[in-house]
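Here is a short briefing on one protein model. Please go through the surface first, then the fold, the sheet and the cores.

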Amino acid sequence: MFFDGAVKAKGVGIGAIFISPTGQHYLATARLRFLCTNNTAEYEACIMGMNLAIDQDVEELLIMGDLDLIIRQAQGEWETRDVKLIPYRQHVEDLGRRFKSIEFRYIPRCHNKLDDALATLASMLPYPGNAHIDPLEIQIRERHGYYNTIEAEPNVQPWYHDIKRFLKTKEYPEQASGYQKRTIRWHASGFLLSGDVLYKRTPNLNLLRCVDTEEVGKIMYKVYAGVCGPHMNSHLMGEICEQFKITHRNSTPYRPKDSGVVEAAIQEHQKDFEKDDSKFQAVA
């Protein structure tokens with residue numbers, strides 16, 4: 001069990017975290033509406049955590065805090081002289097008798113950050129009076145808030161509809177201005193229509209298949225739903241390419257210019273190697 005207290009200008013807050021042997025965390029935090037010092041706030045947090053453990057029917061408890069004074073007094077190593085702390089220490093001893101085994105251990109403050117955050121949060125939030133506040137729940141999110149929030153509008157053509165229609169029928173949208181027609185022609189020059197499938201040309205002569213919202217959903221589901229583990233293998237990639245008519249355009253028959261460049265580079269390196277080899281034989 002971890003505990004911590006925080007005395008701030010806006011108030012006093014305490015926090016405690018009980019961790020079960022199975023790793024389940026039980027959090028408790030409270031705002032104190034009476035005068036407290038740092039030491040009394042720490043004692044209040046410790047007592048709250050011990051009561052939390054008692055409610056969970058805990059028999060063996062390890063208590064860890066970052067205030068050496070409280071830990072050593074609870075262990076009986078240091079004498080308690082402050083009259084404000086004597087009843088706290090006595091109550092901690094009384095609660096400790098309800099456990100079969102109890103141990104107090106000091107930890108550095110850097111290892112008690114979660115408890116410190118709970119206590120600080122409770123001390124800074126304004127007290128809402130009689131209003132009820134549900135327990136604080138911290139979620140872990142691995143994606144941006146806007147992820148998957150964009151919904152497709154019904155009966156809306158895909159983004160490439162005008163380009164595809166122009167390549168297929170040389171027609172423009174109704175009420176299109178002269179500037180809009182020129183824009184469509186300019187964009188269409190970077191696309192290729194093969195049958196009913198539209199591809200986007202890339203600078204390195206690759207072809208990227210254009211897909212609509214429905215097809216994107218199917219592809220993303222297969223890729224990220226873990227159908228074949230965390231990574232796609234060649235079999236799954238082949239199935240996706242076959243289903244959505246995705247063709248590979250990066251082989252040498254489709255890139256004669258690049259093939260010529262590669263062959264020229266190989267020949268040049270071969271000439272350099274032959275020169276170096278002849279020099280080596282002459283020296284030998």
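The protein exposes about 20400 Å², an accessible area from the Shrake-Rupley method with a 1.4 Å probe, where for residues only the protein chains shown count as cover. Carbon and sulfur atoms supply 54% of that surface. This is a predicted model: local features need pLDDT of at least 70, side-chain atom pairs count only at pLDDT 80 or more, and totals for chains, interfaces and linings use all residues. Residues are numbered from 1 along each chain as its sequence is written, and side-chain values use heavy atoms, with hydrogens and water left out.

**Overall fold**

- The protein has nine helices and eight strands; these are DSSP runs numbered from the N terminus, helices being H or I with at least four residues and strands E with at least two.
- Of its 284 residues, 30% count as buried, meaning under 20% relative accessible area with a 1.4 Å probe, protein chains only (exposed is over 50%, partly exposed in between).
- Among contacts (heavy atoms within 4.5 Å) with a separation of 6 or more, 61% join residues 24 or more positions apart.

**The β6-β7-β8 sheet**

- Three strands form an open antiparallel sheet in the order β6-β7-β8; two strands pair if DSSP finds at least two bridges between them.
- β6 (191-194) and β8 (207-209) are the edge strands, each pairing on one side only.
- Neighbouring strands of this sheet are turned by 35° against each other on average, direction ignored.
- Four bridges join β6 to β7 (residues 197-201), and F191 has K200 in β7 as its bridge partner.
- Helix α5 (residues 161-169) lies across β6 and β7, at about 60° to β6; axes are lines fitted to C-alpha atoms, for helices over the stretch in contact, and angles run from 0 to 180 degrees between N-to-C directions.

**Nonpolar cores**

- A nonpolar core is a set of buried Ala, Val, Leu, Ile, Met, Phe, Trp, Tyr and Cys residues joined through side-chain atoms within 4.5 Å.
- The largest has 31 residues, of which M1, F3, M50, L61 and I63 touch the most other members.
- Elements giving two or more residues to this core include β2 (11-19), β3 (25-32) and β4 (60-65).
- Helix α1 supplies the largest share, ten residues.
- Another core, of eight residues, lies apart from it and includes I163, F166, A188 and L198.

**I47 in α1**

- I47 sits in helix α1.
- I47 counts as buried because its relative accessible area is 9%.
- Beyond four places in sequence, I47 touches Y88, H91, V92 and L95.
- The C-alpha atoms of I47 and G96 are separated by 9.9 Å, at 49 residues apart along the chain.
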